[in-house]
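Subject: Structure handover

Hi,

Here is the structure I promised you. Please open it alongside this email, and my notes follow below.

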Number of protein chains: 2
Amino acid sequence: MSPYAHPRLTPRRRAVLDVLRASPDHPTASEVYDRVRETAPGIGAATVYRTLGMLVSTGQALELNLGDGVSARYDANVTRHDHLVCERCGRAVDVDLGVPAALVDAVTRTTSFTITGYDLQVRGLCPHCQASPGTGHPDPGHLEKEH
Amino acid sequence: MSPYAHPRLTPRRRAVLDVLRASPDHPTASEVYDRVRETAPGIGAATVYRTLGMLVSTGQALELNLGDGVSARYDANVTRHDHLVCERCGRAVDVDLGVPAALVDAVTRTTSFTITGYDLQVRGLCPHCQASPGTGHPDPGHLEKEH
DNA sequence: TACCAGTTGAGAACGACTCTCATTATCTAC
DNA sequence: GTAGATAATGAGAGTCGTTCTCAACTGGTA
Ligand SMILES: [Mn+2]
Ligand SMILES: [Mn+2]
Ligand SMILES: [Zn+2]
Ligand SMILES: [Zn+2]
């Protein structure tokens, strides 16, 4: 049977969803786990991973692969938008470039794929990382300092 | 000292690079490993992973995160291009939408990020996956049949 | 209240990737 | 060529994010 056929909005799942909706910074599953334990201390990691998966498959959240790290990031903003990603620290902020539909339509005509959407990530350096001449590898240190 | 300061083009590394350049299908590291063993049977997995990392950091290959699976994919085509990705089986083909520079410039003006580039992935269903009414989850089965 | 599908947490399992380290290959003087 | 220095290699262990397993539990429903 397919999972999440009759999903309940249990207190644990509500807590995960609340945390995600209060997090505009595209947290990892592990970060969601840390934050949700502040209001639901006994929750298990498996429940957080399962709930995030359910939210994604029911369209209440997006799973992002920002390429920098190994872990997926989650986004409660399910409206069409793009991302601006810092190549050094991984910080990701919402942007919307509004790629012309004509460009996507051109792909439809020149391939035999059925197009369902697109994912655009703009890469760059955030203000913090421009200021600190880094080592060349990711240094998300300043993220901790902004709690 | 930074790695790959004086990289040598050893027979193993040449074999990996040759395999990648003969692979327009964006193989995973594991797939590169399988293919390179046909010409360099004794090569170790660590060497393949290390070599792919070196090729990426020296600009001779691209590492892609196509979001569908868990593993990175590699691309010897280092010219500017985008990707059309099948959401069911993960097949990825090269496309080029030519996103107008004006759109990217707009991001530069409205944020304090320094923009270095962008990554555009168009999502859809490949012809194979349109034909086979699937289970809803990835089914790369038909990829094997095309050797 | 009894039923029972759905949910939960702990820990094991998994898979992609990285690290360690002893051995081997290659380069650079002589 | 030979020797010594430096870099590369492969096996296997280790890491880490994520998924799986399963026994206990919960919460709608009749
Ligand atoms: Mn977002
Ligand atoms: Mn490509
Ligand atoms: Zn940054
Ligand atoms: Zn497909």
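A donor here is an N, O or S atom within 2.8 Å of the metal. By that rule, the zinc ion (ligand 4) has four protein donors: B:Cys86 (SG), B:Cys89 (SG), B:Cys126 (SG) and B:Cys129 (SG). They lie 2.3 Å from the zinc ion. Keep in mind that this is a predicted model.

**Zinc sites**

The site of ligand 4 is tetrahedral, with angles of 106 to 113 degrees among its four donor atoms. Along the chain, the donors of ligand 4 are spaced C-x2-C-x36-C-x2-C. B:Cys86 and B:Cys89 are both buried.

Now chain A. The zinc ion (ligand 3) is coordinated at 2.3 Å by A:Cys86 (SG), A:Cys89 (SG), A:Cys126 (SG) and A:Cys129 (SG). What is the geometry of the site of ligand 3? It is tetrahedral, and the angles among the four donor atoms run from 107 to 113 degrees. The spacing of the donors of ligand 3 is C-x2-C-x36-C-x2-C. A:Cys126 is buried, and so is A:Cys129.

**Domains of chain A**

Chain A splits into domain 1, residues 1-78, and domain 2, residues 79-135. Their C-alpha centres are 22 Å apart. The two domains touch: ten residues of domain 1 and eleven residues of domain 2 take part in the contact.

**Helix H2 of chain A**

Helix H2 covers residues 29-36. Which of its residues are buried? They are A:Ala29, A:Val32, A:Tyr33 and A:Val36. Viewed down the axis of H2(A), these buried residues fall within an arc of 105 degrees, so they line one face of the helix.

**How the chains pair**

Chain A superposes on chain B by a rotation of 180 degrees, with 0.0 Å of shift along the axis. The RMSD is 0.1 Å. The two copies are therefore related as by a two-fold rotation axis. Which residue of chain A comes closest to the rotation axis? It is A:Leu120, with its C-alpha at 2.3 Å.

Best wishes

How values were computed. Residues numbered from 1 in each chain as written. Chains lettered and ligands numbered in written order. Predicted model: local features only at pLDDT ≥ 70, side-chain atom pairs only at ≥ 80, totals over all residues. Heavy atoms only, no water. Donors = N, O, S within 2.8 Å, 3.2 Å for Na, K, Ca; no water. Tetrahedral: all angles 85-135°; square planar, octahedral: opposite > 155°, others 65-115°. Buried < 20%, exposed > 50% of the residue type's maximum accessible area, 1.4 Å probe, protein only. Helix = DSSP H or I, 4+ residues; strand = E, 2+ residues; numbered from the N terminus. Arc of directions from axis to C-beta. Least-squares fit on C-alpha atoms with pLDDT ≥ 70 in both. Domains from an automatic or database assignment. Contact = heavy atoms within 4.5 Å.
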